[in-house]
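Here is a short briefing to read alongside the model. Please take a look at the fold, and then let us walk through how its parts pack together.

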Amino acid sequence: MPNASLSGGAGTQISEALGALGARWGWFVGLGAVLLVLGMVAAIHVLSATVASVLFVAVLMVMAGIGQLVHAWRVKHWRGFLFWTASGLLYTVAGMLTFADPMTGAALLTLLLGAFLIASGALRLWIWFNHRAQPGWRWLALSGAITLLAGILIAAGWPANSVWILGLLLAFDLTFQGITLLMLGLALRARHRAGHV
């Protein structure tokens, strides 16, 4: 009985939360539409989207570097002071260099992306190989193979693909986020209207 009571309470809270969200379905639809339009613009202007994504990463790197430097000087009596200082300087300088030359930054980020995908795909395949007798692990092998292939394709096309690959990924991300939020907003609208019928 206590479990049923708790389950009923949780169900009521979820229903109330969905009801509150349903009243604001327009925000989801609006944001989804904006992201969808931005995704289409990024797909049309891939080079500009690449530069924008690189500049965004550069700003984040500078902010992270400054944060680490501030942290280092606040705990300068700790053993990790030199590590935090070096890390903060590295992030800040790398961010500034990327900001000063976005295309070189795009090339480096594209190479890092390819290396990350290759490493991630190889790791998934290695995990699958060690557990291949387990049922359902073929999906992990498929995921690893696709990820590894994507990384190899990016690395094989480098550096020529560095002018468009990041912009294309940004376009895909914005588009799919926009579609997801649009669908969620429309589903919330339908639920909200059904609750008021």
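Let us begin with a helix pair: helix α3 (residues 46-74) and helix α4 (residues 81-100) have axes that come within 7 Å and cross at roughly 155°. Axes here are lines fitted to C-alpha atoms, for helices over the stretch in contact, and angles run from 0 to 180 degrees between N-to-C directions. This is a predicted model, in which local features need pLDDT of at least 70 and side-chain atom pairs count only at pLDDT 80 or more, while totals for chains, interfaces and linings use all residues. Residues are numbered from 1 along each chain as its sequence is written, and side-chain values use heavy atoms, with hydrogens and water left out.

**The chain as a whole**

- The chain has seven helices and zero strands, where helices (H or I, at least four residues) and strands (E, at least two) are DSSP runs numbered from the N terminus.
- Along the sequence, the pattern reads α-α-α-α-α-α-α.
- Of the 197 residues in the chain, 28% are buried; buried means under 20% relative accessible area, exposed over 50%, and partly exposed in between (1.4 Å probe, protein chains only).
- Among contacts (heavy atoms within 4.5 Å) between residues at least 6 apart in sequence, 76% join residues at least 24 apart.
- The chain exposes about 13,100 Å², with carbon and sulfur atoms supplying 76% of this area; accessible areas come from the Shrake-Rupley method with a 1.4 Å probe, and for residues only the protein chains shown count as cover.

**α3 and its partners**

- The α3 and α4 helices are roughly antiparallel to each other, given that angles under 35 degrees count as roughly parallel, over 145 as roughly antiparallel, 65 to 115 as roughly perpendicular and the rest as oblique.
- Their crossing is left-handed, a term used if the near helix is turned anticlockwise from the far one by less than a right angle, with right-handed used if clockwise.
- The contact of α3 with α4 has 18 nonpolar, nine polar and no charged residues; Ala, Val, Leu, Ile, Met, Phe, Trp, Tyr, Cys and Pro count as nonpolar, Asp, Glu, Lys and Arg as charged, and the others, Gly among them, as polar.
- With helix α5 (residues 102-130), α3 packs at an angle of about 85°, the axes being 9 Å apart, so α3 is roughly perpendicular to α5.
- On the α3 side, this contact is made by Leu47, Thr50, Val51, Val54, Leu55 and Val57, and on the α5 side by Pro102, Met103, Gly105, Ala106 and Leu109.
- By class, the residues of the contact of α3 with α5 are nine nonpolar, two polar and no charged.

**α5 and α6**

- The axes of α5 and α6 cross at roughly 155° and come within 7 Å, so the two helices are roughly antiparallel to each other.
- The crossing of α5 past α6 is left-handed.
- The contact of α5 with α6 has 15 nonpolar, eight polar and two charged residues.

**Individual residues to look at**

- Phe81 belongs to helix α4 and counts as buried, at 16% relative accessibility.
- Phe81 and His71 are 10 residues apart in sequence, with 8.7 Å from C-alpha to C-alpha.
- Ala33 sits in helix α2 (residues 25-44) and counts as partly exposed, at 32% relative accessibility.
- The C-alpha atoms of Ala33 and Thr175 are separated by 9.2 Å, although these residues are 142 apart along the chain.
- Pro159 is in the loop between α6 (138-156) and α7 (165-195), and the peptide bond from Trp158 to Pro159 is cis, with omega near 5°.
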